[in-house]
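The following report concerns the structure shown below.

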Amino acid sequence: MTTRKGPEAPPQDDERVPLFGSWRAIHASVVVCALVVMALVALFSRWPF
Amino acid sequence: MAVLSGPAAGALATADWAVLCAYLTAIVAFGLWVGRGTKNVSDFFLAGREMRWWAAGLSVMATQISAITFVGTTGQAYTKGMDFLAFYFGLPFAMVVLSLTLVPFFYRAGVFTAYEYLERRFDARTRTLTSLLFLVSRGLSVGVTLYAPSLVLSVIFGWSEAATIAVMGGATILYVVYGGNRSVIWTDVAQMGLVWFGIFTCVTVAVTQLPQHVSLRDALALAQAAGRLEIVSLSPDLSRPYTLWSGLIGGTFLAMAYFGCDQSQVQRYLSGRSLTESRLSLLFNAFLKVPMQFLILLTGVLVFVFFHFQETPLLWNRAELARLEARAPAAELALVRDEAATAHRERAAAAEAFALARHGSGDLAGTRAAYVAAQGRVEASEAEARRFAARVSGKAVNDVNYIFPSYIVSRLRGGLAGLILAVIFAAAMSALAGELNSLATASMVDFYKRFVRRAASPAHDLLVSRLLTAFWGLFACGVALQAGQLGSAIEVVNRFGSYFYGSILGVFGLAVLTPRAGARGAFYGLFAGMGVVFLVSRLTSVAFLWYNVVGALTVFASGLLITALAPAADA
């Protein structure tokens with residue numbers, strides 16, 4: 001028989017994030033950067049060369 | 001003015017061989033040197049958990065990129081365009097999700113394998129099943145990882161496939177068996193440095209080799225007119241493989257499954273010296289992966305334009321072409337050749353006229369339309385040549401993967417061809433090294449230490465780990481050597497992973513996202529997910545990227561439902 005354990009509490013990461021300062025900032029930067037790259041790629045594919 | 005330049009030269013120069021030999025010698029020596037301090041299984045499997053984020057991050061990148069991604073992607077851009085880039089659109093978002101969810105749980109649990117965590121959260125059988133699925137799928141695909149570039153390179157080098165497999169596989173096995181993950185990661189760092197250098201070199205060389213009267217903008221205009229720059233498709237058609245939606249949604253699920261649940265990737269970032277370093281190594285990839293693939297695809301597009309003004313072979317696979325010339329009726333072959341040559345000459349003239357019109361000397365719309373029509377004739381003549389070759393040989397001919405290596409060998413000089421072939425070797429070896437190390441880890445930690453010998457000396461465990469690595473290396477070589485006879489089985493192996501990748505992600509989702517899921521729900525939910533994905537693949541034309549979404553969501557929903565319906569088993 002198995003026991004239901006449930007996930008542990010989400011571990012905290014207290015170390016300072018280099019360059020970006022916080023995890024919130026670096027995650028937001030990744031998302032913004034991904035969106036900008038996709039926009040640039042779309043612009044590139046339709047640019048009137 | 002001559003419209004097309006002369007045919008390509010064939011063989012590698014001495015300088016190219018020297019560069020290639022120098023690379024192989026240096027990477028093996030470096031791998032052995034950095035792995036000299038390996039004393040126990042923690043060193044061997046997790047590099048002593050001492051890696052910085054940039055080293056682990058480059059290793060994550062190196063394990064993901066394989067040689068066939070490098071030559072296949074450029075070939076795909078040449079023949080179909082850059083829409084494959086959409087495949088990677090979801091990757092950055094997946095990295096953020098993993099950084100917030102799975103990575104902290106894995107790292108803090110101090111596990112060697114991702115599946116080990118599932119035993120702590122659910123039960124031993126869920127761990128065994130997921131690890132077994134990894135071993136079967138990765139064990140078979142690692143052979144294909146080795147076979148695919150070997151097949152291409154053997155034609156380019158004029159070697160037997162067995163010799164290419166032995167060189168590539170033997171060199172990698174040597175340093176991975178000796179140094180384990182530390183050797184894997186540090187050679188990955190060196191190999192990714194070489195790959196990035198190679199990518200920039202390829203783009204630069206492709207631009208500089210365009211004819212003098214064709215600028216980069218002209219080249220891109222030609223590629224655009226030929227439909228090679230269409231990347232972002234908004235089509236809602238689920239059967240189209242690469243659209244914005246399949247890339248964003250299906251690609252996110254695929255990347256979460258691959259980077260979060262596949263031991264070959266998990267092991268790379270678990271080697272970080274802290275949780276912060278592990279998370280940063282994934283986010284590092286989130287920033288760089290899409291631009292890197294863009295540059296590789298752009299190289300393929302520039303090679304496409306470059307060959308507007310050069311003679312191209314009837315088939316890119318020289319061995320296939322030689323067989324065709326030996327077996328085909330001469331008169332029929334001459335007709336196919338003439339049509340291809342005429343179509344290429346017409347396209348070259350039309351491309352020049354379009355380029356000149358762009359600079360003010362001619363009717364821009366008219367020359368563009370003429371170029372598009374000429375490109376259509378070239379594509380039709382190429383398709384006819386492949387049909388003809390297939391009729392003569394009795395099997396389908398697909399030589400997309402030979403385009404870029406043929407370009408390298410025939411057009412690059414002064415050791416550059418050797419350098420770019422070394423890049424292809426580096427991409428193949430880095431993927432192989434990470435996969436061998438992870439296969440040995442799962443075999444050792446999830447099976448040997450549980451079912452064969454729980455308590456043993458560190459020296460014994462290290463020896464068994466090395467033997468398992470050697471076993472998987474030889475197994476990969478064996479599968480690669482037999483792959484030529486497997487035929488469509490290779491496709492089955494490649495598709496096999498997509499049947500359960502999303503489903504395994506669903507199990508990990510149950511593990512970390514909700515406290516309500518129980519062991520029975522996770523175990524049987526995994527079967528439900530794989531079954532539904534199998535049915536979707538058989539009964540619908542939905543593109544493979546969506547399988548991951550279907551699998552993950554089915555497991556998550558059915559896992560919760562089974563737990564709710566059978567609470568006693570988990571209580």
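Which residues have the most contacts inside the largest nonpolar core? They are Phe89(B), Phe106(B), Tyr407(B) and Leu421(B), in a core of 204 residues. Such a core is a set of buried Ala, Val, Leu, Ile, Met, Phe, Trp, Tyr and Cys residues joined through side-chain atoms within 4.5 Å; buried means under 20% relative accessible area, exposed over 50%, and partly exposed in between (1.4 Å probe, protein chains only). With 22 residues, helix 18 (residues 416–452) of chain B gives the most to this core. Helices (H or I, at least four residues) and strands (E, at least two) are DSSP runs numbered from the N terminus.

This is a predicted model, in which local features need pLDDT of at least 70 and side-chain atom pairs count only at pLDDT 80 or more, whereas totals for chains, interfaces and linings use all residues. Residues are numbered from 1 along each chain as its sequence is written, chains are lettered from A and ligands numbered from 1 in the order in which they are written, and side-chain values use heavy atoms, with hydrogens and water left out.

Beyond its neighbours within four places in sequence, Phe89(B) is in contact (heavy atoms within 4.5 Å) with residues of both chains, including Met38(A), Val41(A), Ile231(B) and Leu248(B). A second, separate core of 12 residues includes Leu315(B) and Phe388(B).

Chain A has 1 helix and 0 strands. Of its 49 residues, 33% are buried.

In chain B, helix 21 (residues 519–539) reaches 30 Å from its first C-alpha to its last, close to the 30 Å expected at 1.5 Å a residue; the expected span is 1.5 Å times one less than the number of residues. Among the buried residues of helix 21 are Phe523(B), Leu526(B) and Met530(B).

| Cys21(B) | Cys477(B) | 19 Å |

Cys21(B) is partly exposed, at 45% relative accessibility, while Cys202(B) is buried, at 6%.

The predictor gives the complex an ipTM of 0.86 and a pTM of 0.89. Chain B averages a pLDDT (the predictor's confidence in each residue, from 0 to 100) of 89. Over residues 5–9 of chain B, pLDDT stays under 50. Where pLDDT is low, predicted coordinates should not be read in detail.

Note on methods. A disulfide is a pair of cysteine sulfur atoms within 2.5 Å.
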